[in-house]
Amino acid sequence: MIFQRAVRREFAHSTAGVFIALFAILVTTQLIRLLNEAAQGEVDPGAVAALLGFAALNYLPPLLSLSLFVAILLTLSRSYRDSEMVVWFSSGLSLTAWMRPVFTFALPLVVTIGLLSLFLSPWALSQSAEYRGKLSNQKDAGQISPGTFQESSAGDRVIFVEAVAEDTSHVRNVFVSEAAPERLGVTMAGTGHQETAANGDRFIVLQDGRRYELDPGTAGFRILEYARYAVRLETKEARGIERTPKNMPPLELLQLDLPPYRAELLWRVGMPLAAAVLALLAIPLSFVNPRAGRSANMLLAILVYVIYNNLLTISQGWVASGQVSFAVGVLVVHLFMLLLLPFLFYNRIAVSSFLRLAR
């Protein structure tokens with residue numbers, strides 16, 4: 001029990017340290033990207049913090065998986081370097097005896113990764129898309145500053161307002177320029193206000209004005225005088241978020257038996273399975289040979305991690321294109337990596353393994 005507590009404590013400290021380092025790198029890179037978008041006007045500067053939080057939640061599963069893998073590698077590699085493994089083997093215990101404490105420590109993290117991958121990550125993506133949509137709608141819907149020209153996010157409309165009433169109920173002296181492939185329109189009005197129709201569509205209603213319409217490439221134009229003219233700013237459907245496999249909850253994915261949705265489900269299920277397999281693979285991969293240097297095992301471990309991750313991506317692509325079924329995509333990659341486990345253990349335990357004879 002003393003040994004189990006000491007190992008879990010060291011695993012926990014290593015995992016926390018690796019996760020904090022990786023999380024800091026992720027947050028920094030995402031912050032730079034969002035600040036660049038804010039500088040270009042694509043994102044409201046006040047929304048950077050919220051979007052950064054949603055992005056961080058989305059990347060938690062792969063970060064936790066990598067942190068668990070690296071932490072076990074570092075802990076067991078230190079045991080080799082400090083000759084604690086010699087004491088371990090001298091006590092009559094083999095390398096496979098590490099599987100129980102490693103799996104006991106990894107199991108809660110694997111469950112957490114599964115919950116994050118299945119539920120929290122798609123929720124964060126949907127919230128991020130909805131938040132961006134609300135910001136775009138606010139920009140289009142006329143959070144208007146008097147005396148400035150405001151362009152819509154689609155770039156097909158420019159609105160100018162000379163003055164806004166103190167109670168913001170209406171605006172005065174409105175200018176609207178609309179560009180379409182078949183017609184150019186310029187609308188002017190003395191006053192205007194916003195309305196929401198019964199079906200949820202939002203309009204800016206202009207009163208007592210004039211509209212000029214020009215046909216591109218011709219000399220023809222029309223002049224319309226009106227008492228009331230409504231310009232649609234957005235539809236009710238536009239305020240909703242675009243439903244994609246990445247931001248859909250797992251229950252909806254299960255109901256849609258189509259390759260893209262099955263591929264997304266494969267990735268979410270594969271994250272916790274990969275974390276469990278990588279935690280066990282870290283045991284034989286942590287072996288340190290003083291003659292080969294302290295970082296030789298880390299290079300091999302990183303190679304195994306990259307291969308595993310690439311195989312998951314390839315299998316997801318095959319399922320998305322319909323080349324393989326969902327069951328085959330889930331089982332083949334994880335079983336292949338799991339079958340490497342006995343080979344790696346044998347190479348570390350056997351006195352005359354194939355790799356040793358080759359040397």
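Colleague: Let's start with Val-111: how exposed is Val-111, by relative accessible area?

Modeller: Val-111 is partly exposed, at 46% relative accessible area; buried means under 20%, exposed over 50%, and partly exposed in between (1.4 Å probe, protein chains only). This is a predicted model, where local features need pLDDT of at least 70 and side-chain atom pairs count only at pLDDT 80 or more, while totals for chains, interfaces and linings use all residues. Residues are numbered from 1 along each chain as its sequence is written, and side-chain values use heavy atoms, leaving out hydrogens and water.

Colleague: Which salt bridge does Arg-33 make?

Modeller: A salt bridge is a side-chain nitrogen of Lys or Arg within 4 Å of a carboxyl oxygen of Asp or Glu. Here the Arg-33 side chain meets that of Glu-37 at 2.9 Å, N to O. Arg-33 is partly exposed at 37%, whereas Glu-37 is buried at 14%.

Colleague: And how many salt bridges does the structure hold?

Modeller: There are 9. Another joins Arg-210 to Glu-225 (2.7 Å, N to O). That pair links distant parts of the chain, with Arg-210 in strand S5 (residues 202-214) and Glu-225 in strand S6 (residues 221-234), 15 residues apart; strands (E, at least two residues) and helices (H or I, at least four) are DSSP runs, numbered from the N terminus. Glu-225 is exposed at 61%, and Arg-210 partly exposed at 34%.

Colleague: What about Arg-262 and Asp-257?

Modeller: Their side chains form a salt bridge at 3.6 Å, N to O. Arg-262 counts as buried at 16%, but Asp-257 as exposed at 62%.
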